[in-house]
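Hi,

Here is the structure I said I'd pass on.

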Amino acid sequence: MSAPDLSQLPAADFFAVESMLGQNERNKLAELRDFLAAEVAPYAADWWNKAEFPAHILPKLAALELSTPVHRGYSHLFAGLVIAEITRVDTSLATFFLVHHDLFVESLHTFGTDDQKQRLLADASELRTTGAFALTEPLHGSDVAGGMETRARRISSSTGETDDGGDTWVLNGAKRWIGNGTFCDYMLVWARDEADGSVRGFIVDATLPGVSRSKIENKIALRTVQNADITFKDVRVREADRFGGINSFEDTKELLRSSRIMVAWQAVGQQLGAFDVARQYAVERHQFGRPLAHFQLIQQQLVTMLGNAVASMAMMAGLARLQEHGAADMPQVALAKSYLSARMRETVALGRSILGGNGIVTDYRMAKIFADAEAIYTYEGSFEVNSLIVGRAITGISAIS
């Protein structure tokens, strides 16, 4: 029995969510797919195995002009599908993309002063410079809003503490799990103001004296992403590099909500990729003299994977519609992140099962997809924390504090 032509079979986007895009958006998504097929798919497993970041492809990625798509006139649905498509091929590259564009570049758009935008935005948008988002700390992840220990102290030339002719901030503390942190040019660093306890944001040149960065080794997920431990020892940052639009942690909620949405879109991409790999394997791999896809249990697993992916895409399309009207609130976003994370975990586990022993080696892609899912399940709010955010919204009672 010859294998079916997969191009003639229904796509993983079984309910045609992509058809909701405008024609120019569909064309742009096709351009992205061509880039990923040529420049990323053949090499992604090798980058992952070696834990090396492919900096050489950044100019080609920048040429697609997909930085912060909504600011370029694209829809929220298109912006989400961009992340899903990159994730579908390589979750690590998608994580780099969203950390840089949806956190660092978006921060410049949202909170940057005119001077900061003038100095930094063009180069960051075109990936001539790269950025990181330094929020989490060695002892504070989910509770970093209240537990942040990194400190900022303002000093002035009038006190004789500085001779640069203007106000300066001195940062001390540590950050952990900072994506792009080993190689970024700039990082958005969050610190607590010693004077009043408020949380402030700073654009920190990664080469400043007192900044130390080390790569987190021995990861079993997102190995291509360069996560870092970062320490700040009496790092001096100009007042001109403090984010003028940030006066408290509350100011970051819009930004963090949007980034959480993009990580939920990663959960979609993970499922699309897992389905692609599992279906191809099932129709091409023969056991007992016939394709795996001939067996009822394998078909049931594939259908469950597809159902999870379709349900996830539909939820995210609904969330994108709310975004267009400025109506997506944090509990809705938290529900999407927690629900999709759970569906993703089931989907990739089924896919790994279909591949049998070949599902635990990266040669067949599924092992990489399976491992990377664990990072998505946890970051931008763990499954449990997001669930409790929703629980608080629907009961009026907080189980977090």
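Some ground rules before the rest. This is a predicted model, where local features need pLDDT of at least 70 and side-chain atom pairs count only at pLDDT 80 or more, while totals for chains, interfaces and linings use all residues. Residues are numbered from 1 along each chain as its sequence is written, and side-chain values use heavy atoms, with hydrogens and water left out.

Overall picture: the protein chain has 12 helices and nine strands (DSSP runs numbered from the N terminus, with H or I over at least four residues for helices and E over at least two for strands). Its radius of gyration is 22 Å, close to the 21 Å that the globule rule gives for 401 residues, so the chain is as compact as a globular protein of that length (the radius is taken over C-alpha atoms, and the rule is 2.2 Å times the number of residues to the power 0.38). Of the 401 residues, 53% count as buried (buried is under 20% relative accessible area, exposed over 50%, partly exposed in between, with a 1.4 Å probe and protein chains only).

UniProt, in an unreviewed entry, puts "domain: Acyl-CoA dehydrogenase/oxidase N-terminal" at residues 29-123 (its positions follow the numbering used here, feature names are shortened, and annotations may be inferred rather than shown by experiment). That span is 73% helix and 0% strand.

Now the inside. The largest nonpolar core has 77 residues, and L32, V40, L61, W265, M316 and I354 touch the most other members (a core is a set of buried Ala, Val, Leu, Ile, Met, Phe, Trp, Tyr and Cys residues joined through side-chain atoms within 4.5 Å). Helix α8 (residues 253-284) gives the most to this core, with 15 residues. A second, separate core of 21 residues includes F111, L121, F133 and L256.

F133 also turns up in strand β1 (residues 131-134), where it points one way with G131 while A132 and A134 point the other way, and all are buried. β1 pairs in the parallel sense with strand β4 (residues 186-193) over four bridges (two strands pair if DSSP finds at least two bridges between them). A132 stands opposite M187 in β4.

Strand β7 (residues 228-238) has antiparallel partners. Eight bridges link it to strand β3 (residues 168-178), with I230 as the bridge partner of K175.

Which residues are worth a click? M366 sits in helix α11 (residues 366-378) and is buried at 0% relative accessibility. Its contacts beyond four places in sequence include A274, A278 and L355 (contact means heavy atoms within 4.5 Å). A278 is 88 residues away in sequence, yet 7.8 Å away C-alpha to C-alpha from M366.

Most residues other than glycine have a negative phi. W177, in strand β3, has a positive phi near 65° and is partly exposed at 46% relative accessibility. L222 has a positive phi of about 50°; L222 lies in the loop between β6 and β7 and is buried at 4%.

Cheers
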